[in-house]
Amino acid sequence: MEILNRKARYDYELLEKFEAGIVLTGTEIKSIRKGSANLKDSYAIIKNGEAYLLNMFISEYKEGNIFNHDETRSRKLLLHKNEIKKINDKISTKGLTLVPVKLYFKNGIAKIELAIARGKHTYDKKETIKQRDIEREVKKSLKY
């Protein structure tokens, strides 16, 4: 089970990737296992030496009764202190941000892949679409 942030690859140039654990409640993990999560508008910040994931949408677990979670609460990310320092040094430069790319399970534990990213301009996005179309045409012509 993988939940991808397809918009991140389109909107940002991904420079460096990191794997982090994520602190979740019981109803959140059950909802993610069902595939009811969305990374589209989410981003990560570093505050007071700790990393947090903001705006990640995890829908309510239907059988969760009164112990259900808030759908877009900020969630703490589990990284080593030296990784947090390294990431903070890199994103402190202008124009770089920390975006989640993928949410997946590794040995039964939820992990999130974060990327240090630089925003693309509209002409860069058009170039990406053009390259993708060219590659698709080449593959199609090689197939025949």
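User: What pattern does the chain follow, read along the sequence?

Analyst: In this predicted model, the order is β-α-β-α-β-β-β-β-β-α-β-β-α. That comes to 4 helices and 9 strands.

User: Why is Lys-102 called buried?

Analyst: Buried means under 20% relative accessible area. Lys-102 has 18% relative accessibility, so Lys-102 counts as buried.

User: What makes Lys-102 and Glu-2 a salt bridge?

Analyst: The cut-off is 4 Å between a side-chain nitrogen of Lys or Arg and a carboxyl oxygen of Asp or Glu. The closest N and O atoms of Lys-102 and Glu-2 are 3.6 Å apart, and the pair forms a salt bridge. Lys-102 is in strand β8 and Glu-2 in strand β1, so the bridge ties together parts 100 residues apart in sequence. Glu-2 has a relative accessible area of 47%, so Glu-2 is partly exposed.

User: Lys-102 also lies over the face of Tyr-104. What distance from the ring centre goes with that?

Analyst: Lys-102 is 5.3 Å from the ring centre of Tyr-104. The distance limit is 6 Å, and the charge must also be within 35 degrees of the ring normal. The charged end of Arg-33 sits over a ring too, that of Phe-105, at 4.4 Å from its centre.

User: How many aromatic pairs are there by the rule?

Analyst: The count is 0. A pair needs ring centres within 6.5 Å.

User: Which strands do Glu-113 and Lys-17 lie in, and why does their salt bridge tie together parts that are apart in sequence?

Analyst: Their N-to-O distance is 3.6 Å, and the limit is 4 Å. Glu-113 lies in β9 and Lys-17 in β2, so the pair joins parts 96 residues apart in sequence. Glu-113 counts as buried at 13% relative accessibility, whereas Lys-17 is partly exposed at 43%.

User: What separates Asp-133 and Arg-136 in helix α4?

Analyst: They are 3 residues apart, which means about one helical turn within α4 (residues 122-143). Asp-133 is partly exposed at 34% relative accessibility, and Arg-136 is partly exposed at 46%.

User: How many salt bridges does the rule give?

Analyst: The count is 12. Glu-16, Lys-86 and Lys-90 are linked in a network of salt bridges.

User: Which residues of helix α3 are buried, and how do you know which side they are on?

Analyst: Ile-84, Ile-87 and Ile-91 are the buried residues of α3 (residues 81-91). They cover an arc of only 65° around the axis, so they are on the same side of α3. The face turned away from the buried side carries exposed Lys-81, Asn-82 and Lys-85. Cover for the buried residues includes β2, β4, β5, β8 and β9.

User: What makes the buried residues of α2 line one face?

Analyst: The buried residues in α2 (residues 26-33) are Thr-27, Glu-28, Ser-31 and Ile-32. Seen down the axis, they fall within an arc of 135°, so they line one face of α2. Their cover includes β1, β3, β6, β7 and β8.

User: Why is Asn-48 called exposed?

Analyst: Exposed means over 50% relative accessible area. Asn-48 has 76% relative accessibility, so Asn-48 counts as exposed. Asn-48 is in the loop between β4 and β5. Phi of Asn-48 is positive, near 55°, in a residue other than glycine.

User: Is Asn-107 buried or exposed?

Analyst: Asn-107 is exposed, with a relative accessible area of 75%. The loop between β8 and β9 holds Asn-107. Its phi is positive, about 55°, although Asn-107 is not a glycine.

Conventions
Residues are numbered from 1 along each chain as its sequence is written. This is a predicted model: local features need pLDDT of at least 70, side-chain atom pairs count only at pLDDT 80 or more; totals for chains, interfaces and linings use all residues. Side-chain values use heavy atoms; hydrogens and water are left out. Buried means under 20% relative accessible area, exposed over 50%, partly exposed in between (1.4 Å probe, protein chains only). Helices (H or I, at least four residues) and strands (E, at least two) are DSSP runs, numbered from the N terminus. The arc is that of the directions from the helix axis to the C-beta atoms. Contact means heavy atoms within 4.5 Å. Rings of Phe, Tyr and Trp (its six-membered ring) pair if their centres lie within 6.5 Å; planes under 30 degrees apart count as stacked, over 60 as edge-to-face and the rest as tilted.
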